[in-house]
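Colleague: I am new to this structure. Please take me through the labels used for its contacts, and the rule behind each label.

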Amino acid sequence: SALPVMVWVHGGGYQGGGSHEARLNGTWDAALDSDLIVVTVNYRLNIFGFLASDALRHKDPKNGTGNYGIQDQRAALAWVQRNVAAFGGDPTRVLLAGESAGGASVHNHLARPESWPFYSRAAIESGGYTLVLGSPVCDASSCSGGLYDELLHYANCSSLACLEALPAAEVFNIEEKQAQTYKPGRSYEPVVDGVDLTAQLADLFEQGRVRPKTPVIVGATREDLSLLDGAKCEPAECSESDFRKWVAAQEFQPALDADAMAAIYAKTEVVLPGGNYSKWYWAIAHAGADWSMICPARRTARQVAHTDTSWLYLFSHVPDGPSGAYPHLAHHASEIPFVFHDKTATGPGADKFHISAREVELSATMARFWKEMAASGDPGAVWPPYAVPGGGGGARWLVFGDESAALGDADLKKE
């Protein structure tokens, strides 16, 4: 019979990366039980994937702009629909999955009706940051913070035709100058153009304007990426006072109470093994990861339940080998080799991107959850939903820990 399909979108902040990465070797996933088709895709990145301007709208049949990388992903999904049966795959059972910018891309496809015909379930790994940072906007008042006009200036061009005549390498070199001034709302990434993406993702998810009847796995890693300023203290000496100063210095929206946060993290944080960084260093690191990745994942799990069921996870396992070296631990992207069940890897950084013999069982458990999600839209009875339509669900997450997976309280730190 036809096999379920996982289509994987790589990360890299929309600036780099590729499906050739050592850790994205779907051979091991497919071999685990020999009943999954794995498809990895590439897409245009950076200035070539996300340059937005009203001057470009006439080149899009629907008058959109700036979302060419997302459209590439959609074209790949459409190709899968047309062709995966020839590889033994079932086009009605396609799990769209990705990590980091790949996970944020899945958020984008869930909120873009043009993508809805091409998949039926979703998995988002460390992609929730897109909900708190927001997307650049291209409307009558501005477009991606003026990057297009700045690009014309750096290129000594006055028109689109002039830009199009430049070698691609020269255009990319100009972008490297612009990258020094990137900030939220001013970077090459998916854009609210009023056509392909009609509003901020956070608003669309909150309003339930996402693909209906789409079960979703969503989660993050314990030491995930913090998009806030780091600690301003020596790691071994950070104190509660330093933590309070750090909270006060952040531009949280809405503003957070330093006393309340200190009380929460005093209860939840400990000195992690492997080094001498203080408890309050880890409080700062984890609060940043909570804001950037973990809380948005939980929020996504709640919002998906407008129309279907969600499952929430936390990856806290510290990988063996260089990947999990102190103080990186369960860092951003550390779960990928476990989802792909990478027993060996080749290519750049390969030593970081495979599991050890001790980790085979944990990885097999995780990979089978993703496979079962592709197959049935439900990772299995041992992983209860976080939320279900109409309310309910266990409000618990599955923690992939040092030795095994276990249920935990996902609301330990209240938003």
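This is a predicted model: local features need pLDDT of at least 70, side-chain atom pairs count only at pLDDT 80 or more; totals for chains, interfaces and linings use all residues.

Colleague: How many disulfides does a search of the whole structure find?

Modeller: Three disulfides turn up. A disulfide is a covalent bond between the sulfur atoms of two cysteines. The working rule is a pair of cysteine sulfur atoms within 2.5 Å.

Colleague: What makes cysteine 157 and cysteine 162 a disulfide?

Modeller: Their sulfur atoms are 1.9 Å apart. The limit is 2.5 Å, so the pair qualifies.

Colleague: Why is the disulfide of cysteine 157 and cysteine 162 called left-handed?

Modeller: Because the torsion about its S-S bond is about -60°. The link of cysteine 138 and cysteine 143 is also left-handed, with -100° about the S-S bond. There the S to S distance is 2.0 Å.

Colleague: Why is the disulfide of cysteine 233 and cysteine 238 called right-handed?

Modeller: The torsion is about 100°, so right-handed is the label. S to S is 2.0 Å in this disulfide.

Colleague: What is the pairing of the bonded cysteines, numbered in sequence order?

Modeller: The pairing reads 1-2, 3-4, 5-6.

Colleague: Why is cysteine 157 called buried?

Modeller: Its relative accessible area is 10%. Buried means under 20%, exposed means over 50%, and partly exposed lies in between (1.4 Å probe, protein chains only). So cysteine 157 is buried.

Colleague: Is cysteine 162 buried or partly exposed?

Modeller: Cysteine 162 has 27% relative accessibility, so it counts as partly exposed. Cysteine 295, at 15%, counts as buried. Cysteine 233 and cysteine 238 are both buried. So are cysteine 138 and cysteine 143.

Colleague: Which residues touch the most other members of the largest nonpolar core?

Modeller: Val5, Val7, Leu110, Leu163 and Leu312 do, in a core of 69 residues. A nonpolar core is a set of buried Ala, Val, Leu, Ile, Met, Phe, Trp, Tyr and Cys residues joined through side-chain atoms within 4.5 Å. A second, separate core has 26 residues, including Trp311 and Phe340.

Colleague: What is leucine 163 in contact with, leaving aside its neighbours within four places in sequence?

Modeller: Among them are Tyr148, Leu152, Cys157 and Val171. Contact means heavy atoms within 4.5 Å.

Colleague: What makes lysine 62 and glutamate 114 a salt bridge?

Modeller: The N to O distance is 2.7 Å. The rule asks for a side-chain nitrogen of Lys or Arg within 4 Å of a carboxyl oxygen of Asp or Glu, so this pair passes. The two residues are 52 apart in the chain. Glutamate 114, at 37% relative accessibility, counts as partly exposed. The structure holds 16 salt bridges.

Colleague: Why is the salt bridge of arginine 112 and aspartate 196 said to tie parts of the chain together?

Modeller: Arginine 112 lies in the loop between H4 and S4, and aspartate 196 in the loop between helix H8 (168–178) and helix H9 (201–206), so the pair ties together parts that are 84 residues apart in sequence. Helices (H or I, at least four residues) and strands (E, at least two) are DSSP runs, numbered from the N terminus. The N to O distance is 2.5 Å. Both residues, arginine 112 and aspartate 196, are buried.

Colleague: Which residues are linked in a network of salt bridges?

Modeller: Asp33, Asp35, Arg368 and Lys371.

Colleague: How many aromatic pairs are there by the rule?

Modeller: The count is 19. One of them joins phenylalanine 243 and tryptophan 280, at 5.3 Å centre to centre and 50° between the planes. Rings of Phe, Tyr and Trp (its six-membered ring) pair if their centres lie within 6.5 Å; planes under 30 degrees apart are stacked, over 60 edge-to-face, and the rest tilted. So this pair is tilted. Both phenylalanine 243 and tryptophan 280 are buried.

Colleague: What sits over the ring of phenylalanine 353?

Modeller: The charged end of arginine 23, 4.3 Å from the ring centre. The rule wants NZ of Lys or CZ of Arg within 6 Å of the ring centre and within 35 degrees of the ring normal.

Technical notes: Residues are numbered from 1 along each chain as its sequence is written. Side-chain values use heavy atoms; hydrogens and water are left out.
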